[in-house]
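Colleague: I have a few things to ask about this one. Can we go through it together?
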Amino acid sequence: MSDGSGLSINGPESLRGALLMLLLGLAVTGYGGYDYLQQSEAVRNSVEVTATVEAVGVETTSARRGVDHEPTVRFTYEYEGESYESASVFPAAISPTYDTESAAREVVAEYEEGATATAYVAPDRPGDAFLKNRTTDTPLLAAGFGLLFVLGGGWFTLKNL
């Protein structure tokens, strides 16, 4: 079958691409959903610990739409007699990013190097403490993005069968 330009749209390469898109979408959707459930569980079951702030900053990374800024805080803490270090501001593995550096700095403005802060530890994951005891939408956004790939990949797969 041709799309009018003389190119075939129903070949094995198209089907492989559509299936890859479908599988990638399922993986991203699943990971986003899993991360949201994990962070919800961590927030619900967390216990407070005293942490020492070691470093505060903003990481800047290139993104498709420009530059993303991620607030970072590295801190140390003890839980049940063991010492740990973490750099998680939020409980999700997929951390929120911000369009401007100033917005990212606002998130970590209350933390100063050498000061103490309250951190939160999920007892089943003591090495993954975080500072903000609330969920973020970032994993759900990732799951939604993955769902778009699932829908697109599913449509292209059906079209190429």
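Colleague: Is Arg44 buried or exposed?

Modeller: Arg44 counts as exposed, because its relative accessibility is 57%, and the cut-off for exposed is over 50%. Bear in mind that this is a predicted model.

Colleague: Which side chain does Arg44 meet in a salt bridge?

Modeller: That of Glu41, with 2.9 Å from N to O. Arg44 and Glu41 are three residues apart in helix 1, so about one helical turn separates them. Glu41 counts as partly exposed, at 35% relative accessibility.

Colleague: Why would side chains pair like that?

Modeller: Side chains of opposite charge can pair when their charged atoms come close.

Colleague: How many salt bridges does the structure hold?

Modeller: Four. One of them joins Arg74 and Glu85, with the closest N and O atoms 3.6 Å apart. Arg74 is in strand 2 (residues 66–79) and Glu85 in strand 3 (residues 82–86), so the pair ties together parts that are eleven residues apart in sequence. Arg74 counts as partly exposed at 35% relative accessibility, and Glu85 is partly exposed at 47%.

Colleague: And what about Glu110 and Lys132?

Modeller: Their side chains also meet in a salt bridge, at 2.8 Å from N to O. Glu110 sits in the loop between helix 2 (101–107) and strand 4, and Lys132 in the loop between strand 5 and helix 3 (138–159), so this pair ties together parts that are 22 residues apart in sequence. Glu110 is exposed, with a relative accessible area of 58%, whereas Lys132 is buried, with 12%.

Colleague: Back to helix 1. What should its 34 residues span?

Modeller: At 1.5 Å a residue, helix 1 (residues 12–45) should span 50 Å, and the C-alpha atoms at its ends are 49 Å apart, which agrees.

Colleague: Which residues are buried in helix 1?

Modeller: Ala18, Gly25, Gly32, Asp35, Gln39, Ser40 and Ala42.

Colleague: Which residues line the cavity?

Modeller: Gln38, Glu41, Ala42, Asn45, Ala122, Asp124 and Arg125. Helix 1 gives the most to that lining, with four residues. By type, the lining divides into two nonpolar, two polar and three charged residues.

Notes: Residues numbered from 1 in each chain as written. Predicted model: local features only at pLDDT ≥ 70, side-chain atom pairs only at ≥ 80, totals over all residues. Heavy atoms only, no water. Helix = DSSP H or I, 4+ residues; strand = E, 2+ residues; numbered from the N terminus. Expected span 1.5 Å × (residues − 1). Buried < 20%, exposed > 50% of the residue type's maximum accessible area, 1.4 Å probe, protein only. 1 Å grid on protein atoms, 1.4 Å probe; cavity = no way out; pocket = protein on both sides within 12 Å on 5 of 7 lines; lining within 4 Å. Nonpolar A, V, L, I, M, F, W, Y, C, P; charged D, E, K, R; others polar.
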